[in-house]
Amino acid sequence: MIDKNYTNLFPKVLFSMAIDSTKNISLNYTKSISRPNYSSLSNIATYINPYFIYASNINLGPTFNNEISSTFQYNNKSVKVSYWQNKNPVYNSFLYDKSQNIMTFKDINFDKEAGLSLDFELPFTYKFWTTTNSLVFILEKIEDPSAEFLDSKPYLYYYSNNEFKLPKEYTFVLSFWGLTEQKKGVFETNPRFVVNMALSKTFLKKWNCTLSWNNVFKNVIETEEFTINDTSSRARYIVDAHEISISVKYSFGKVKETEFKEKNVNENENRIR
């Protein structure tokens, strides 16, 4: 019998105060929920080989998140301090059946996790150079009775996007992001560093041609170590995002100047947690 309470409150509170025309400080509290996706909630199991099974978990429950943060904004630069606690976070787990000599890999709800982060957002413009930079210092701890607690140490996430306006309507973009070695209590992962580049040219005001080169140095290997249910895992994941592409764009109607406003670090910001 599975007894679940589906009645929950998710309050959100935000206090904001302007110090003057250039400075602002805010305090925010949020409680939210993250539900497992449909493909995870089934009884389907797939044999990778005769000794290894990849399985879904119909008993997965939602993750409840409590976060409190404070942000100091000075013009377009900001410093943010955040503390969060997650109940029932979802992570990978191994179960080994000695009698059948079969290993089952599936997602389970861990007991809890907590984290503290310090986030610096530092954009600026100098002549033909515009850059957006993020530095996030993170201390994160994941715990569960079934897992061996390894170590928990601060790590750094950094991101930089640099745009150079060149003569004859050329634009060169250099962006990179990286993570130092992550020790989160249960999981340990290797450092990563990825560089992307792009060169674009505008023709006749409405035509734009862009040459993009993603993951320039082909950094595709990610490693992860953990011990769960007395089973130690050392995994290597091949994530090949190396790509060279050419795109051509034509703008219909009158072309207006656009202003880019970034609310998140980038589309892959979830990688920092």
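Colleague: Which backbone oxygen does the side chain of lysine 201 reach?

Modeller: That would be the backbone oxygen of lysine 168, at 2.4 Å. A polar contact here is a pair of N or O atoms within 3.5 Å; within protein, one must be able to donate a hydrogen and the other to accept it, and residues adjacent in sequence count only if both atoms are side-chain atoms. Keep in mind that this is a predicted model, where local features need pLDDT of at least 70 and side-chain atom pairs count only at pLDDT 80 or more, while totals for chains, interfaces and linings use all residues. Residues are numbered from 1 along each chain as its sequence is written, and side-chain values use heavy atoms, with hydrogens and water left out.

Colleague: Thanks! Where is lysine 201 found?

Modeller: Lysine 201 lies in strand β17, which covers residues 192-203. Strands (E, at least two residues) and helices (H or I, at least four) are DSSP runs, numbered from the N terminus.

Colleague: And is lysine 201 buried or exposed?

Modeller: Lysine 201 is buried, yet it has no salt bridge. Buried means under 20% relative accessible area, exposed over 50%, and partly exposed in between (1.4 Å probe, protein chains only). A salt bridge needs a side-chain nitrogen of Lys or Arg within 4 Å of a carboxyl oxygen of Asp or Glu. For lysine 201, the nearest side chain of opposite charge is glutamate 169, 5.5 Å away.

Colleague: What else is lysine 201 in contact with?

Modeller: Leaving aside neighbours within four places in sequence, its contacts (heavy atoms within 4.5 Å) are Lys168, Glu169, Tyr170, Trp207, Asn208 and Cys209.

Colleague: Switching to salt bridges, how many does the structure hold?

Modeller: There are four. One of them joins the side chains of glutamate 222 and arginine 192, at 3.4 Å from N to O. That pair links distant parts of the chain, with glutamate 222 in strand β19 and arginine 192 in strand β17, 30 residues apart.

Colleague: Why does arginine 192 count as buried?

Modeller: Because its relative accessible area is 18%. Glutamate 222, at 23%, is partly exposed.

Colleague: Which residue does lysine 153 meet in a salt bridge?

Modeller: Aspartate 151, at 3.8 Å from N to O. Lysine 153 is partly exposed at 41%, and aspartate 151 is partly exposed at 25%. Lysine 165 and glutamate 163 also meet in a salt bridge, at 3.6 Å from N to O. Glutamate 163 is partly exposed too, with a relative accessible area of 28%.

Colleague: New topic: where does valine 216 sit?

Modeller: Valine 216 is in the loop between β18 (207-214) and β19 (221-228). It counts as buried because its relative accessibility is 13%. Beyond neighbours within four places in sequence, valine 216 is in contact with Val195, Asn196, Met197 and His242.

Colleague: How many Å separate the C-alpha atoms of valine 216 and asparagine 59?

Modeller: Those C-alpha atoms are separated by 41 Å, and the two residues are 157 apart along the chain.

Colleague: Finally, how many helices and strands are in the protein chain?

Modeller: It has zero helices and 21 strands. The C-alpha atoms fill a box of roughly 70 × 50 × 35 Å, taken along the principal axes. Of the chain's 273 residues, 33% count as buried. Among contacts between residues at least 6 apart in sequence, 54% join residues at least 24 apart.

Key
Lys and Arg count as positive and Asp and Glu as negative; His and the chain ends are not counted.
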